[in-house]
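The questions below go through one structure step by step. Have the sequence and the model open while reading.

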Amino acid sequence: MKKKLCLALSLVLLMTLLAGCGAKSGGDSGTSSDNGGSASGGTIKIGYFGPLTGGTAQAGQAALNGAQIAVNELNEAGGVLGRQLEIVSYDDKSSPEEAVKAATKLVQVDKVHAIFGSLHSANVQAAGPVIEESKTICVAGGTSPTWLEQGYTYLFRSISNSSISAKQLAKYADSQNLRKIALFTSNSEYGTSGSDAFRDACADYDIEFVASETMTDGDRDFTGQFAKINAAAPDAVFIWCLGDDLGAVTKQLRQSGFDGPILGSESYTLPEILENAGETANGVAFAAQYIVYSDPNDAEDELMKNFLERYIAEFGASPESDNAFRAYDGVMMIAEAMEAAQADSGEALRDAYNNIDGHVGLAGTFSYVGKNGEGIESMRIFQIESGKYIEAQ
Amino acid sequence: MFGQLLAGGIAVGCIYALIGLGYSLIYSASALMSFVQGEIFMLGAYVAYTIYVSFQIPFALAVLLAILIMFGFGVVLQRGMISPLLKRGAQQIQIVLATIGLSIFLKNFAMIVWGSDVKNFPSALGEAPIRLAGISISPQQIAIVITTFACMLALHFFMSRTKLGTSLRAAAQDPMAAGVVGINVPLTVGVAWALAAALSAVAGILLAPIYGVYPKMGAILSTKGFAAAVLGGYGNMYGAIIGGLIFGVVETMAAGYISSSLKDIISFGVLILVLFVMPHGILKVKAD
């Protein structure tokens, strides 16, 4: 009896495990039996792993949608190497552990030709060894510089890393003659690394830090910190906090009596902040790769405008996160490398990706030659004026 | 800077006081602890947001409706969950666990219904700060202080001057004896839970324009409101008010004069210290 129960239980366990692993395949059912590698004919499989449930699900879904737009566009134009593309996607639930599982499944079971994922640097870092070993190229959207400093040769990034943003902001502060700056940052890893990068970048200029205050993510009362910042009478306040908190932070800083310029993190690109902070966000300047425009007509860049129109036509609304752009650029560059290499995977594809030079994407012009996986180092400075994003000179 | 910190501290302290009042009311009326006050606070903000922003109903009416709905929620909570649990022989600890469970349920419920992003609740009073003698205060902060004191006064008169209030206090002191002299004890307990819910909802609506409305907004406030109730003397209405104000001012002063990263350590440290000296809190329980 006990044995039977034991057997039944393990069966159930096995079944739930299998069910949990079920892949959501974009397009057909994914039963095509091409064995990856050198297979000619059949579809080209692009793997995706990123958060599709949980707190950052919106960003992950936007990325998956962005990748889908790229795949649709490529397929309409006849595919890559004469073959159609399809996406195989897994949810990494924002956890490094799940990311390793997802990446393993992509390279070993689905035998995808190339991967886009994840959005979280920690997840890319965790999945790195599996991906490297399988010789599958993986383009990721995480912005922390660390995971490309580990010596992996199959990992790439389709956005600038976070240190660039701080450098551009420091340069901007100097050009605007902002000499006395107060720092207000999250006390998490994100905030500390942001403020450290900014301090380092400012060392080249004649800039003085008159106050440095921190907040805990999710906190909503900054009266004490802002009183201190206002008492130091800064020319500008540097804010580096998570997107969820930025609306309240900006509003309260203005209400505490500070009306000078704010230098902010790239999270100011999130459309919800414009809505939450309202007119108090006017005077914020930040460095970013791109802006999530809710109306395609606001985009000055033709490529961006086309992308947004396609995205809205396909998914009914503009992307909820700029991760859609990172994924789109990533998949387009994978396709370009495949065409250049005349190969769909492996070493030849990696080398071709490394040779991408002058690819114009949504983020700007990419060049990977000799840069160890980094493809772009420029960012633009945007300002919020009358509730709209404008590019600063 | 002192004036600025004091003003900010009083404003946030008022919110702690309102939530703390809820905890104390429930405890004094039914000798139970409810840990769902933070989520009621959040739900109140969402309900007001939906009525005011989504349905475009005038602000005053929207707020009134939201408070009424949350008052009703308090009644349903007491009648539908707490009272049946007690009838089935649940002890204090089971009630505590049930309310914690409900709070997790409500947080996820809000996430599904309204999404996990921060919703903007425009202040009916405008965003431009008022500057007075070097102090910058937002109109919303002034509204918080005035509304809180109005609520407290109303509650004070309700408790001491009305028949229902008096019977509520009597039932709180000795439910058995109160029942014997003809007081409808289940009614008074229901009213206490409903008032607690309404107060939390008021706090949520007051704070929504400053914090934004999002599923986790109750989590931060519920601990601090609870601390306010404990500091003032758990179960004592006036204690919760004093506790909330002290907690808010200490916290803000600590962030301003010492360090923002030590803000919580200092304010909760003060709480522990006060409890060491006065284990029952600042005002003794059921002093009135």
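Q: What radius of gyration does chain B have, and what would a compact globule with 288 residues have?
A: The radius of gyration is taken over C-alpha atoms, and the globule rule is 2.2 Å times the number of residues to the power 0.38. For 288 residues a compact globule would have a value near 19 Å, and chain B agrees with this, at 19 Å.

Q: What kind of model is this, and how are residues and chains labelled?
A: Residues are numbered from 1 along each chain as its sequence is written, while chains are lettered from A and ligands numbered from 1 in the order in which they are written. Side-chain values use heavy atoms, with hydrogens and water left out, and local features need pLDDT of at least 70, side-chain atom pairs count only at pLDDT 80 or more, and totals for chains, interfaces and linings use all residues, as this is a predicted model.

Q: How many helices and strands are there in chain B?
A: Helices (H or I, at least four residues) and strands (E, at least two) are DSSP runs, numbered from the N terminus. Along the sequence the pattern is α-α-α-α-β-β-α-α-α-α-α-α-α. Chain B has eleven helices and two strands.

Q: Is B:Lys224 buried or exposed?
A: Buried means under 20% relative accessible area, exposed over 50%, and partly exposed in between (1.4 Å probe, protein chains only). B:Lys224 lies in helix 9 (residues 217–232) of chain B. Its relative accessible area is 5%, so B:Lys224 is buried.

Q: Which residues is B:Lys224 in contact with, leaving aside neighbours within four places in sequence?
A: Contact means heavy atoms within 4.5 Å. B:Tyr52 is 172 residues away along the chain, and its C-alpha atom is separated from that of B:Lys224 by 27 Å. The contacts of B:Lys224 are B:Tyr16, B:Phe247, B:Glu251, B:Lys263, B:Asp264 and B:Phe268.

Q: Why does A:Thr143 count as buried?
A: A:Thr143 is in the loop between strand 5 (137–140) and strand 6 (155–157) of chain A. The residues it touches include A:Ser121, A:Arg157 and A:Arg326. A:Thr143 counts as buried because its relative accessibility is 19%.

Q: What percentage of the residues of chain A count as buried?
A: The secondary structure of chain A comes to twelve helices and 15 strands. Among contacts in chain A between residues at least 6 apart in sequence, 67% join residues at least 24 apart. Of its 393 residues, the buried ones make up 55%.

Q: What percentage of the residues of chain B count as buried?
A: The C-alpha trace of chain B spans about 60 × 50 × 35 Å along its principal axes. Of the 288 residues of chain B, the buried ones make up 53%.
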